[in-house]
Amino acid sequence: MAAPSRDQALSLFAAANNHGDVNVKLSSLTQAKDLLLSLDPSLSADLFPFFLELQSSPESLVRKLLIQLIEEIGFKAADHSPALVSILLTFLRDADPIVVKQSIVSGTNIFCNVFMEMIVQFQQYGKVERWLEGIWMWMLKFKDAVFGIALEPGSVGIKLLALKFLEIFVLLFTPDNSGPERSTGEGSTQAANISWLVGGHPLLDPVALKSEANRTIGILLNLLQPGANLPGCLTITVVNWFSYG
């Protein structure tokens, strides 16, 4: 049954790339993702490049769905996760705002999930698997790119999501010994915090991460200065966050 499933995946990728009906493209891409995850890793390894090719699809809805599916795949395809996550950086500069917004939303969720998984692995096994370290390195590049978006002129809707990422970043890396989960504002909860980390890891240096969180707070405060010219709705977002925090 493996060979027909692989052939079916190739057929679905072809439809996602070339079919004239965007709804067929979206349906085919979703089905292809399901097949990828159901196949034995030895059979699916050479299929992931077809998945990656869709980042250049002319259809913005296909690119948006690709981002959502990358988030859904998560750690289910560990060997390919770093390559999949790297696409998020490309989509941060997409010409269509809906693709950029989805990249920030999904990237924010992945960032939180990767951080939590790294803490869990380090606490349980005293090490972090190499594939997860690879994802984290891409997530740090994602963080730098989103910080840039938050500070540069651009779409208010995109900047709003970028500012929310900065706020979540601060929550993750500011020590919180109270324990309860906190909403991220995107329908998920922040269940991990730097306070969970006992000991040290080369990629999870509590001192450096806390310092980065403090620097981010300074960035957010600077945005409230009169000369920052932050749009009203964004100013309200930042003020509300500081009030809540």
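In the predicted model, a salt bridge links the side chains of Lys 33 and Glu 72, with an N to O distance of 2.5 Å. Lys 33 belongs to helix 2 (residues 22-38) and Glu 72 to helix 5 (residues 60-73), so the pair ties together parts that are 39 residues apart in sequence. Lys 33 is buried, at 3% relative accessibility, whereas Glu 72 is partly exposed, with a relative accessible area of 39%.

Helix 5 also supplies Arg 63, which pairs with Asp 94 of the loop between helix 6 and helix 7 (97-125); this pair therefore ties together parts that are 31 residues apart in sequence. The closest N and O atoms of the Asp 94 and Arg 63 salt bridge are 2.8 Å apart. Asp 94 is buried, with a relative accessible area of 18%, and Arg 63 counts as buried at 10% relative accessibility.

In total, the structure holds eight salt bridges. Among them is the bridge between the side chains of Asp 46 and Arg 6, at 2.4 Å from N to O. Asp 46 is located in the loop between helix 3 (41-44) and helix 4 (48-53), and Arg 6 in helix 1 (residues 2-18), so this bridge ties together parts that are 40 residues apart in sequence. Both residues are partly exposed: the relative accessible area is 41% for Asp 46 and 22% for Arg 6.

Helix packing was examined for two pairs involving helix 8 (residues 130-151). The axis of helix 6 (residues 81-91) comes within 9 Å of the helix 8 axis, and the two cross at roughly 5 degrees. Helix 6 is therefore roughly parallel to helix 8. On the helix 6 side the contact includes Ser 81, Pro 82, Val 85, Ser 86, Leu 88 and Leu 89; on the helix 8 side it includes Trp 131, Gly 134, Ile 135, Trp 138, Met 139, Lys 141 and Phe 142. By class, nine of these residues are nonpolar, three polar and one charged.

The axes of helix 8 and helix 10 (residues 206-223) come within 11 Å and cross at roughly 15 degrees. These two helices are therefore also roughly parallel to each other, and the crossing is left-handed. Lys 143, Phe 147 and Leu 151 of helix 8 meet Glu 212, Arg 215, Thr 216, Ile 219 and Leu 223 of helix 10. The contact of helix 8 with helix 10 comprises four nonpolar, one polar and three charged residues.

Notes
Residues are numbered from 1 along each chain as its sequence is written. This is a predicted model: local features need pLDDT of at least 70, side-chain atom pairs count only at pLDDT 80 or more; totals for chains, interfaces and linings use all residues. Side-chain values use heavy atoms; hydrogens and water are left out. Axes are lines fitted to C-alpha atoms, for helices over the stretch in contact, and angles run from 0 to 180 degrees between N-to-C directions. Helices (H or I, at least four residues) and strands (E, at least two) are DSSP runs, numbered from the N terminus. Angles under 35 degrees count as roughly parallel, over 145 as roughly antiparallel, 65 to 115 as roughly perpendicular and the rest as oblique. Contact means heavy atoms within 4.5 Å. Ala, Val, Leu, Ile, Met, Phe, Trp, Tyr, Cys and Pro count as nonpolar, Asp, Glu, Lys and Arg as charged, and the others, Gly among them, as polar. A crossing is left-handed if the near helix is turned anticlockwise from the far one by less than a right angle, and right-handed if clockwise. A salt bridge is a side-chain nitrogen of Lys or Arg within 4 Å of a carboxyl oxygen of Asp or Glu. Buried means under 20% relative accessible area, exposed over 50%, partly exposed in between (1.4 Å probe, protein chains only).
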